[in-house]
Amino acid sequence: MVLKIAVQKSGRLYDDSIKLLKECGIDISNGVNKLKAEASNFPLEIYFLRDDDIPQYVEDGVADIGIAGENVVYEKKKKVAVVQKLGFGKCRLSIAIDKGAEYTGISFLQGKRIATTYPVLVQQFLKDNQVDAEIHEISGSVEIAPGIGLADAICDLVSSGSTLFMNGLKEVQPILQSQAVLIKNDDLTEEKEQLLQKLLFRIGAVRKAKNNKYILLNAPNNNLSEIIGLLPGMKSPTVLPLAEEGWSSVHSVLNENDFWDIIEKLKDAGAQGILVVPIEKMII
Ligand code: PRT
Ligand code: ZN
């Protein structure tokens, strides 16, 4: 028995999806046939598909789980459950208008024509905000629609904003923040659910490790308690005596978000020789 996972065949999510599986210790023998691959050391079969089709395949049970952008998952409205955010493929679905136009708030969209490949999400947004606008569903190159007179506004994915900029548009209203997520079929068997939990445990360890760094430093003993107070650690920091009298080596784990802030305070408290090392896996 194997767990079947659907990932994007090629495109923006492909590299990070494969990297995540590898970091989870799953070896994928990339066969010649790129429709399907098998893991050699985990009961996992990988199906390579178009991102838009992944929710459907997971709903139908052709794949048990899948990796897709939230934008696709929520647009397709399939009967699948989102089990884990994966932290890559980040973007936002936003309304954009001509850069010369003045955006007066959501009511600006009243009576306007909006071009998008996300009609379901745009419709939902308009309904939630009691705005009546015409949705023009198009299948690609949404950003050129205002320029050719097809629409007054667009709703598309944005990451750096350079596509909008190059087309004389400006982002005025995000309607969804999106990232890649792991989805699952609603009726997994008990056995498959157990395999999924095993995979999720590994993904959790990889993601925690990414958000944390291992830190080693030398601390003067007379300021040791202040320095220890700055370092939460997993339980509490490890303290070892240095060969030189009056000094200790302190080891701990720091969250990426507090990182620079704490490093500065550590230096002010007299810490020296600070080393910061990436963590590969973290299990707590
Ligand atoms: O062939 P297939 O159907 O599988 O791929 P695709 O071409 O439909 O999708 P792909 O590979 O472009 O994107 C896959 C997923 O990546 C999307 O569903 C999102 O969840 C996520 N993602 C993250 C993005 C972007 N960032 C992104 N910037 N998807 C698309 N874009 C496009 C956007 O549509 C616009 O054309 O990039 C342009 C804007 O980018 P900036 O950087 O100029 O703002
Ligand atoms: Zn697609």
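The side chain of aspartate 64 reaches the backbone nitrogen of lysine 4 at 2.7 Å, a polar contact in the sense of a pair of N or O atoms within 3.5 Å, where within protein one atom must be able to donate a hydrogen and the other to accept it, and where residues adjacent in sequence count only if both atoms are side-chain atoms. The model is a predicted one, in which local features need pLDDT of at least 70 and side-chain atom pairs count only at pLDDT 80 or more, whereas totals for chains, interfaces and linings use all residues. Residues are numbered from 1 along each chain as its sequence is written, chains are lettered from A and ligands numbered from 1 in the order in which they are written, and side-chain values use heavy atoms, with hydrogens and water left out.

Aspartate 64 lies in the loop between helix H2 (54-60) and strand E5 (65-69), helices (H or I, at least four residues) and strands (E, at least two) being DSSP runs numbered from the N terminus. With a relative accessible area of 5%, aspartate 64 is buried; buried denotes under 20% relative accessible area, exposed over 50%, and partly exposed the range in between (1.4 Å probe, protein chains only). Residues up to four places away in sequence not being counted, aspartate 64 touches Val2, Leu3, Lys4, Val58, Ile183, Lys184, Asn185, Leu188 and Lys192, contact meaning heavy atoms within 4.5 Å.

Lys192 is also among the buried residues of helix H6, which include Leu195, Leu196, Leu199 and Leu200. The buried residues of H6 pack against strand E1 (3-8), H1, E5, strand E6 (80-85), strand E12 (180-185) and E13. Helix H6 (residues 190-210) has 21 residues, which at 1.5 Å a residue should span 30 Å, in agreement with the 30 Å between its end C-alpha atoms; the expected span is 1.5 Å times one less than the number of residues. Within helix H1 (residues 14-23) lies serine 17, which is buried at a relative accessible area of 0% and touches Val7, Ile67 and Phe88, again not counting residues up to four places away in sequence.

Strand E13 also belongs to an open sheet of four strands in the order E14-E15-E13-E16, with antiparallel pairing; two strands pair if DSSP finds at least two bridges between them. Strands E14 (238-241) and E16 (272-278) stand at the edges with a single partner strand each, so one side of each is left without a neighbour in the sheet. The twist averages 20° from one strand to the next. Five antiparallel bridges pair E13 (residues 212-220) with E16, and leucine 216 stands opposite leucine 275 in E16. Helix H8 (residues 259-268) lies across E13, strand E15 (247-255) and E16, and runs at about 160° to E16, where axes are lines fitted to C-alpha atoms, for helices over the stretch in contact, and angles run from 0 to 180 degrees between N-to-C directions.

Tyrosine 214, in strand E13, is partly exposed at a relative accessible area of 30%. Its side chain is joined to that of histidine 251 by a polar contact of 3.0 Å. The C-alpha atoms of tyrosine 214 and valine 276 are separated by 5.7 Å, although these residues are 62 residues apart along the chain.

A search of the whole structure finds zero disulfides, a disulfide being a pair of cysteine sulfur atoms within 2.5 Å. The sulfur of cysteine 91 is 11 Å from the closest cysteine sulfur, that of cysteine 155, which is too far for a bond. Cysteine 91 is buried at a relative accessible area of 15%, and cysteine 24 counts as buried at 3%.
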